[in-house]
Amino acid sequence: MERRQLGAQGLEVSALGLGCMGMSEFYGRADEAEAIATIRRALDLGVTLLDTADMYGPFTNEKLVGKAIAGRRDEVELATKFGNERREDGSWVGINGRPEYVRAACDASLERLGIETIDLYYQHRVDADVPIEETVGAMAELVEAGKVRYLGLSEAAPATIKRAHAVHPISALQTEYSLWTRDVETEILPTVRELGIGFVAYSPLGRGFLSAQIRGAEDLEDGDFRINNPRFQEGNIERNVELVDRVAEIAAEKKVTPAQLALAWVLAQGDDIAPIPGTTSVSHLEQNLAALEIELGEEDLARIEQAFPRGATSGERYPDMSQVNR
């Protein structure tokens with residue numbers, strides 16, 4: 001497995017990670033046994049970057065990941081997040097970046113994961129009511145206490161990233177990035193590269209849409225959060241299907257799947273980028289990892305760019321965009 005460095009503080013991870021969110025929530029039915037088998041198979045195949053958060057489940061995803069890595073802790077760079085506060089019943093409290101909450105959330109995550117130290121601890125969303133300096137200051141205390149090794153942010157704006165990095169080195173920014181979400185290329189990627197911060201790309205398959213298997217809302221299960229996503233709704237999805245079909249044609253010529261080509265495209269955007277595609281099955285995991293074997297030359301990248309140019313996607317990536325990039 002190829003390794004990639006995130007930031008300048010020493011964090012090194014597998015080139016392709018594994019997003020675990022969908023194993024507990026958001027994408028319809030979940031199968032714990034298959035999820036644990038998928039995580040363990042990922043470790044067998046050299047995947048070391050596992051990504052979770054306290055709000056997934058809520059709380060159950062961290063417990064699941066902890067169970068899956070029991071006895072294999074030294075094979076993992078474990079990333080989790082705080083900041084999207086939810087109750088046990090799943091109800092939403094709000095975004096919380098207060099220092100006292102940072103400390104309490106970390107302790108709770110450590111207990112659920114069954115570990116002593118979190119490798120990469122992210123602020124999941126920026127709290128507009130708490131100065132980023134205060135939040136990152138509390139996160140830095142966790143590093144000093146040995147509870148966290150490296151710090152990260154998620155969906156932060158360039159100015160916020162700079163202010164945070166001035167308090168304590170940030171090793172990674174996690175933000176959505178794929179063929180159909182490329183707004184980070186304008187300011188965010190240049191900012192983290194200027195500061196020497198690594199980039200973790202979540203939803204590199206466009207929430208599964210770039211697999212070319214979803215043609216309409218009827219292809220989604222009840223309880224799937226994508227039903228309410230603007231890009232999957234009538235008026236947008238038809239245009240987006242056309243774009244994906246163009247990519248699928250290129251994939252067919254290269255004898256790979258559309259998902260594999262989409263992952264290979266993200267991997268080709270820089271060796272400071274680590275995509276974390278999510279999956280809930282061993283077979284899809286193995287298919288995703290095959291993307292590491294795909295080499296895209298300048299001509300390939302130009303064809304993909306022509307087929308799916310930046311900004312061509314129809315619809316916002318969230319129903320409420322006020323909580324991202326701030």
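Analyst: In what follows, two residues are in contact when heavy atoms of theirs lie within 4.5 Å. The model is predicted.

User: Which elements do the buried residues of H6 pack against?
Analyst: Helix H6 covers residues 188-195 and packs on the sheet. Its buried residues are Ile-188, Leu-189, Thr-191 and Val-192. Seen down the axis of H6, these residues fall within an arc of 160°, so they line one face of the helix. The elements that this buried set packs against are H5, S10, S11 and S12.

User: What is the order of the strands in the open sheet of eight?
Analyst: Strands of a sheet pair through backbone hydrogen bonds, either parallel or antiparallel. In this sheet the pairing is parallel. The edge strands, each pairing on one side only, are S3 (18-19) and S12 (273-275). Read across the sheet, the order is S3-S4-S5-S8-S9-S10-S11-S12.

User: Which residue in S12 does Phe-199 stand opposite?
Analyst: Strand S11 takes in residues 198-202. S11 and S12 pair in the parallel sense over three bridges. In S12, the residue opposite Phe-199 is Ile-273.

User: What angle does the direction of H6 make with that of S11?
Analyst: H6 touches S10 (172-176), S11 and S12 as it packs on the sheet. The chain crosses from S10 through H6 to S11, and this β-α-β crossover is right-handed. Between the direction of H6 and that of S11, the angle is about 145°.

User: How many residues of S10 are buried?
Analyst: Buried means under 20% relative accessible area. Ala-172, Gln-174 and Glu-176 point one way from S10, while Leu-173 and Thr-175 point the other way, and all are buried. S10 is therefore largely enclosed by the rest of the structure, and its buried count is five of five.

User: What is the bridge partner of Ala-172 in S11?
Analyst: S10 and S11 run parallel and are joined by five bridges. On its other pairing, S10 meets S9 (residues 148-154) in the parallel sense over three bridges, and there Ser-154 stands opposite Gln-174. For Ala-172, the partner in S11 is Gly-198.

User: Is the β-α-β unit of S9, H5 and S10 right-handed or left-handed?
Analyst: The helix of this unit, H5, spans residues 158-167. Handedness is judged with the strands pointing away from the viewer: a path from the first strand over the helix to the second that runs clockwise counts as right-handed. By that rule, the unit made by S9, H5 and S10 is right-handed.

User: Which residue stands opposite Ile-118, and in which strand?
Analyst: Strand S8 (residues 118-123) runs parallel to S9 and is joined to it by five bridges. The chain crosses from S8 through helix H4 (residues 132-144) to S9, in a right-handed β-α-β crossover. S9 is mostly covered, with six of its seven residues buried. In S9, the residue opposite Ile-118 is Val-148.

User: Which peptide bond is cis, with omega near -10°?
Analyst: Most residues other than glycine have a negative phi, and most peptide bonds are trans. Pro-58 is found in the loop between strand S4 (49-51) and helix H2 (60-69). The cis bond runs from Gly-57 to Pro-58.

User: Does Phe-59 count as buried or exposed?
Analyst: Phe-59 is placed in the loop between S4 and H2. Although not a glycine, Phe-59 has a positive phi of about 75°. The cut-off for buried is under 20% relative accessible area. At 14% relative accessibility, Phe-59 therefore counts as buried.

User: What is the relative accessibility of Asn-325?
Analyst: Asn-325 lies in the segment after helix H10 (298-307). Its phi is positive, about 55°, although Asn-325 is not a glycine. Asn-325 counts as partly exposed, because its relative accessibility is 38%.

How values were computed: Residues are numbered from 1 along each chain as its sequence is written. This is a predicted model: local features need pLDDT of at least 70, side-chain atom pairs count only at pLDDT 80 or more; totals for chains, interfaces and linings use all residues. Side-chain values use heavy atoms; hydrogens and water are left out. Two strands pair if DSSP finds at least two bridges between them. Helices (H or I, at least four residues) and strands (E, at least two) are DSSP runs, numbered from the N terminus. Axes are lines fitted to C-alpha atoms, for helices over the stretch in contact, and angles run from 0 to 180 degrees between N-to-C directions. Buried means under 20% relative accessible area, exposed over 50%, partly exposed in between (1.4 Å probe, protein chains only). The arc is that of the directions from the helix axis to the C-beta atoms.
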